[in-house]
Amino acid sequence: MALEKINLEKWKFAPGEEITCLEKGREVTIPHTWNIEDGTEEYWGIGWYCHSFVPEEAWKGKRVRALFRAVYHDAHIYLNGEEIGCHLNSGYTPFVVELTAGLRFGEENQLVVKADNRFSEQMLPFDTSFDWANDGGIIRPVELLVTGKSFLKNPEVTARPVITLRDERQDKGSAVFGFSGMVDSAGDEEGLFMEWSLYEGCDDAEADAGRKDCGLETSFDTLENAFGREGQRDTQKPVCEGKECIAAGKAQIPGSVLPSVNYWHFDSPCLYTLKMVLKRGAEILDRETVVFGFRELRVQGRELYLNGESVKIPGTEWMPGSDPAFGMAEPKEQLEKMLLILKESNSVLTRFHWQQDDRVFDWCDRHGMLVQEEVPFWGMRPPKAGKRQWEVFKEQINEMVAFHRNHPSIIAWGVGNELDGQCEETIQYIKDAVAYTHRLDPSRPANYVSNSIYKGHSVDGTTDGDVMMINDYIGTWHQGYDQYEEWDAIVKQNPDKPMIPSEFGLCEPAFDGGDKRREAIFMEKMACYRKYPNIAGTIYFCLNDYRTQMGEDGEGKLKKRVHGSAGLCGEPKPSYYTVRKEYSPLDVRLEDGRLTVTCKDHLPRYTVKGYVLKLKGKALAVPDMKPGDIWTVENAEPAEMNEIEVYRPVGDKVL
């Protein structure tokens, strides 16, 4: 958080090979991409940005850094004409550069960024081998961080529930809590210490962010009283607190067992806030705040266990950067709009082909969404994963874990997607990448997503991940295969592994049939997946039609693939409501005045708690229901099913 954090929104921008193009530059607001603007929609080259500022006198004797949330994809940073840092071959991960030594007090300073989005074989994604937009620029926020001469970095919270119930969802209990992080002290650690306090909850305003009208008739605000919801508040009464000395450049809170905490779940996203203050004597040098949750996602045999309960979790992938009004430079409001549409399709699991911003994961933390975040190593180019890809992978996964590891919504890391999973060299890369990721973060699964397993059911890169993730386009991209024969063989060869079909759907215009065929494919695939106990979840592809540099439809910023149950801007198609109905954990039927609610026991499969059923404006609390449980309401007033609504505890509409 730093002592002072300043958002740098206004920059001068110009495209061109040399910095002199800025002389004719214009003001833009960050986040920004030139690839949605007239004249530069298909410009793959260099863009220059300049932010002018006068350092405050209060910054003397302080450290000043710039945090770039993402610059796509190669970035060189200059201060007053001198290069002070660069971030190469990785356009979606955050990085920090220090400005302190180059600041000129009492005069205007110029912070310049050279951004380059030319296709490159040195980076990941590799050259043109990726299926999303190649939007260049400072695509995510930039912040100045002002601290004392020492500051906290790379905070890592330990938040592990102690699960005592067997095969049952546990929402509360004891937990292991601790913290460790490095201290950048510029070589002077004498007298440093850290004061800390742990609070239950987080900022109330953030918890309710993004609940705006998005065409789905969400009525969360009118139901707050029905839920008895108090919000995620920082009560200012700490759960525990302490004071720790800094030794060997490390800040630590010794691990301890907290006797009673609320666990994080996608239906009950309970959060905690750790506030830390770094001091020397009475001088405050830095402040840091970490919001996190206590939750356990465990792989055991062919099952996935969330907080003690064996679950089958339905999901959908959302392709960000697709609204042509914003491209990859999406503001917070646009991100939250699309995330709410995703959640209200009853998807509680998603994956991202490329790294996302903390604003996305903050929303997922507060609203309940399970996420696999992936290194953008996509496609069969190069034919074999080589030394260059391995080095870039390590750089990116290090940054992903360092910046995002405290988000409870992130349940897994992905090491690649649709490589040649039958290639010996690539299989070795996958094994090495999974092992490397486990060393960085032993608390989460590491997975590889395959579309090649049909060529060999037992020898494929996806078998080396913790969860077998398989893109299933049998009937479209994958021709000549029988749906059930393939899954019979995959399960037979890997009987003790959990599996997730991680993509399935209809891609137009490569294949025709429109939304009716998209709906039919979804239903056919779900019927197949429900047959196999190994299948612990699904990720439908995808939520929205999406902008992509390899799209077969449209031109310029509208070059796209028609692959979604919603349009580019999130407008639902009929298939969206089919997904919502099939993914609902509850089946609701009305017959002769009797309302019957069944908790599904196939896919999806998980216990529901705290749900609300609304009948003509009257709210009824749905009892806690385990998979297979049935609840009936006699003499139900509404005569039509469309007069019935069901909501999750956080306010998302289920039906």
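Trainee: Which ring does the charged end of arginine 298 sit over?
Mentor: In this predicted model, the charged end of arginine 298 sits over the ring of tyrosine 305, and the distance to the centre of that ring is 4.7 Å.

Trainee: And what about arginine 65, which ring face does that one lie over?
Mentor: Arginine 65 lies over the face of phenylalanine 151, at 3.5 Å from the ring centre.

Trainee: How many aromatic pairs are there?
Mentor: The count comes to 36 aromatic pairs. One of them joins phenylalanine 53 and tryptophan 59, with 6.4 Å from centre to centre and 45 degrees between the planes, and this pair is tilted.

Trainee: What kind of pair do phenylalanine 541 and tyrosine 546 form?
Mentor: Phenylalanine 541 and tyrosine 546 form an edge-to-face pair, with the centres 5.6 Å apart and 75 degrees between the planes. Phenylalanine 541 is buried, with a relative accessible area of 3%, and tyrosine 546 counts as buried at 0% relative accessibility.

Trainee: Which residues form one aromatic cluster?
Mentor: One aromatic cluster is formed by Trp44, Tyr72, Tyr92, Phe119, Phe130, Trp132 and Trp354.

Trainee: Changing topic, how many residues of helix 4 are buried?
Mentor: Helix 4, which covers residues 358-367, is mostly covered, with 9 of its 10 residues buried. Among the buried residues are Asp358, Arg359, Phe361, Trp363 and His367.

Trainee: What follows helix 4?
Mentor: Glycine 368 follows helix 4, and the phi of glycine 368 is positive, near 90 degrees.

Trainee: Now a loop: where does valine 54 lie?
Mentor: Valine 54 lies in the loop between strand 4 (46-53) and strand 5 (63-68). Although valine 54 and glutamate 108 are 54 residues apart in sequence, their C-alpha atoms are 4.6 Å apart in space. If you leave aside the neighbours within four places in sequence, valine 54 is in contact with Glu107 and Glu108.

Trainee: What is the strand order in the open sheet of 3 strands?
Mentor: The order in that open sheet is 11-12-15, and the pairing is antiparallel. Strand 11 (151-161) and strand 15 (250-262) are the edge strands, each pairing on one side only. On average, neighbouring strands of this sheet are turned by 15 degrees against each other, direction ignored.

Trainee: How many bridges join strand 12 to strand 15?
Mentor: Strand 12 (residues 172-184) and strand 15 run antiparallel and are joined by 9 bridges. Lysine 172 stands opposite asparagine 262 in strand 15.

Trainee: Last topic, which residues touch the most other members in the largest nonpolar core?
Mentor: That core has 38 residues, and those touching the most other members are Leu304, Ile313, Leu586, Leu595, Tyr611, Leu613 and Met625. Several strands each supply at least two residues of this core, including strand 21 (303-306) and strand 33 (586-591), while strand 34 gives the most, with 3 residues.

Trainee: What is leucine 586 in contact with?
Mentor: Leaving aside neighbours within four places in sequence, the contacts of leucine 586 include Val597, Tyr611, Met625 and Leu655. There is also a second, separate core of 36 residues, which includes Leu335, Met338, Trp363 and Val401.

Conventions
Residues numbered from 1 in each chain as written. Predicted model: local features only at pLDDT ≥ 70, side-chain atom pairs only at ≥ 80, totals over all residues. Heavy atoms only, no water. Phe/Tyr/Trp six-rings, centres within 6.5 Å; stacked < 30°, edge-to-face > 60°. Buried < 20%, exposed > 50% of the residue type's maximum accessible area, 1.4 Å probe, protein only. Lys NZ or Arg CZ within 6 Å of the ring centre and 35° of its normal. Helix = DSSP H or I, 4+ residues; strand = E, 2+ residues; numbered from the N terminus. Contact = heavy atoms within 4.5 Å. Pairing = 2+ DSSP bridges. Axes fitted to C-alpha atoms, helices over the stretch in contact; angles between N-to-C directions. Core = buried A, V, L, I, M, F, W, Y, C linked by side-chain atoms within 4.5 Å.
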